[in-house]
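Visitor: I have a model open and would like to learn how to read it. Where do we begin?

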Amino acid sequence: MTKISLPKHSKLLSSDFLFGVATSSFQIEGAADQRAPSIWDTFCAEPGRIKDGSDGLHACQHVKYWRQDLDIITELGVDAYRFSIAWGRVINADGSVNRQGLQFYIDLVDALLANGIQAHVTLYHWDLPQYLEDQGGWLNRDTAYRFAEYADIVGRALGNKVASYATINEPFCSAYLSYEAGIHAPGHKNRREGRQAAHHLLLAHGLAMPVLRRHAPQALHGIVLNFSPCHPASDSEADRQAALQAHQYHNLWYLQPLLEASYPDLLNQLPEADRPDIAADDMATIGQSLDFLGVNYYTRTVFREKNDWFSDVPPQAPPLTSMGWEIYPQGLTEILTDLNQRFANLPPIYITENGAAFPDEVRDNQVDDAARIDYYQQHLLAVHDCIEAGVTINGYFAWSLLDNFEWAEGYSKRFGIVYVDFDTQQRILKSSALALQTFWLQRKTQLPAVEAL
Ligand code: FCB
């Protein structure tokens, strides 16, 4: 596969569909000495937490090389850039504003706009300041209020210059993976804590929404959730029930509070001691209307029954990415058409992340990642299918612009369409970047070269 192409009439080719690339602060920025430490700095310093023993102190040194990175974004021909802001680069431990840190984002947004590229900002992509974790982190209800204050400062500084504000990226990961499964920072393993963290993350979203709307009435306001269709490992009644429970626990747990101001029924089936504390007005705060829903999609998940609960069955058969994730583009169409049927008030969607890690190698200063081109081709067709099936999808962001720090996997997994040599900080556009660039530029100039299938 060397080319990306879509049916001629595809909505994805129309000028009002948005294409972009995405990154997140901790994964690319570096310049750790110019911000407050985050829970990920602490986590990385704990032996055995990160597969390759690495950390995010330097990453892609994006704070230093951001102008070069912006040149790459511009050359790619995208309409938009999604990035996140590091809370600890904006607010110091004593509550004062880090002026230099905030200025970095103001300059970035101004430069994006000067290059004709929309800025899509995520306020929280997992890098909670350690000073807040020291007060209990997402287990402490107060953190949700601190988040609204942080949103106030960012909203005031960037206002309507930003096209869309997403409050939180993937609360599932910041709650479940971080407080229940112990895989992500801060590495807790406690069921009740996972649910409490999830609730406080959603509350933080709800508290920040009106603040952001006030400062940026012309911007779109929403949140980013990750979804994965949950399939049973077998036809047995037990496995089918397990898959349904997993769907409630991993997907609906985050979406239903936002759209219907309630948690799935599964909550009431949990032992009393494992349920989160929910204050009287919380659900109304969480369930305000959204201008958009950001959807991150990578793969499907298969579950079997285990002790009246569910347990995932890792895929064995190819095609798998180097994360061990099954390549399953039809899952994107399945989950979104499903949610569209289930929720009459599903907001317009941006696919805020989609992409794959493969074992890329540099040869003659080139990276031939045909498998990634194929991945994008298949998933763009899946987006096309969703739209044909009646789902409103207004944009698509490739994850990721750059190879970066892939959380607990460190630098061992490369998701970029641009290769990064972490020793020299050299960037090389992979074949996938070149294929997407051709597709994006042709689309922009509306040449007929965007082929019919
Ligand atoms: C998502 C995260 C993103 C990246 C991709 C691979 O869950 O939002 O930061 O790590 O997975």
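Guide: Begin with the ligand. This is a predicted model. The residues around the ligand are Gln27, His125, Trp126, Asn169, Glu170, Asn296, Tyr298, Glu353, Trp399, Glu406, Trp407 and Phe415.

Visitor: How far is the side chain of histidine 125 from an oxygen atom of the ligand?

Guide: For polar contacts, look for N or O pairs within 3.5 Å. In histidine 125, a side-chain N or O atom is 2.8 Å from a ligand oxygen. Glutamate 353 places a polar side-chain atom 3.0 Å from an oxygen of the ligand. For tryptophan 407, the corresponding distance from a polar side-chain atom to a ligand oxygen is 2.9 Å.

Visitor: Now the fold. Which strands make up the closed barrel?

Guide: Follow the pairing from strand to strand. Here 8 strands close the barrel in the order β1-β2-β3-β4-β5-β7-β10-β13, and the pairing is parallel. From one strand to the next, the twist averages 25°.

Visitor: How many bridges link β1 and β13?

Guide: Strand β1, residues 18-22, pairs in parallel with β13, residues 393-399, over 5 bridges. One to locate: glycine 20 has phenylalanine 397 in β13 as its bridge partner.

Visitor: Which strands does helix α8 lie across?

Guide: Helix α8, residues 171-180, lies across β3, β4 and β5. Its angle to β5 is about 45°.

Visitor: What do the buried residues of α14 pack against?

Guide: Buried means under 20% relative accessible area. The buried residues of α14 include Arg372, Tyr376, Leu380 and Ile387. The helix's buried residues pack against β1, β7, α13, β10, β13 and α15. Just after α14, glycine 390 has a positive phi of about 105°.

Visitor: Which residue does a cis peptide bond join to tryptophan 399?

Guide: Check omega. Tryptophan 399 is joined to serine 400 by a cis peptide bond, with omega about 10°. Serine 400 sits in the loop between β13 and β14. Tryptophan 399 is also among the residues around the ligand. Another cis peptide bond joins alanine 185 and proline 186, again with omega about 10°. Proline 186 belongs to the loop between α8 and α9.

Visitor: Is aspartate 308 buried or exposed?

Guide: Aspartate 308 is exposed, at 65% relative accessible area. It is not a glycine, yet its phi is positive, about 65°. Its loop runs between β8 and β9.

Terms used
Residues numbered from 1 in each chain as written. Predicted model: local features only at pLDDT ≥ 70, side-chain atom pairs only at ≥ 80, totals over all residues. Heavy atoms only, no water. Pairing = 2+ DSSP bridges. Helix = DSSP H or I, 4+ residues; strand = E, 2+ residues; numbered from the N terminus. Axes fitted to C-alpha atoms, helices over the stretch in contact; angles between N-to-C directions. Contact = heavy atoms within 4.5 Å. Buried < 20%, exposed > 50% of the residue type's maximum accessible area, 1.4 Å probe, protein only. Near = heavy atom within 4 Å. Polar contact = N/O pair within 3.5 Å; in protein donor to acceptor, adjacent residues only side chain to side chain.
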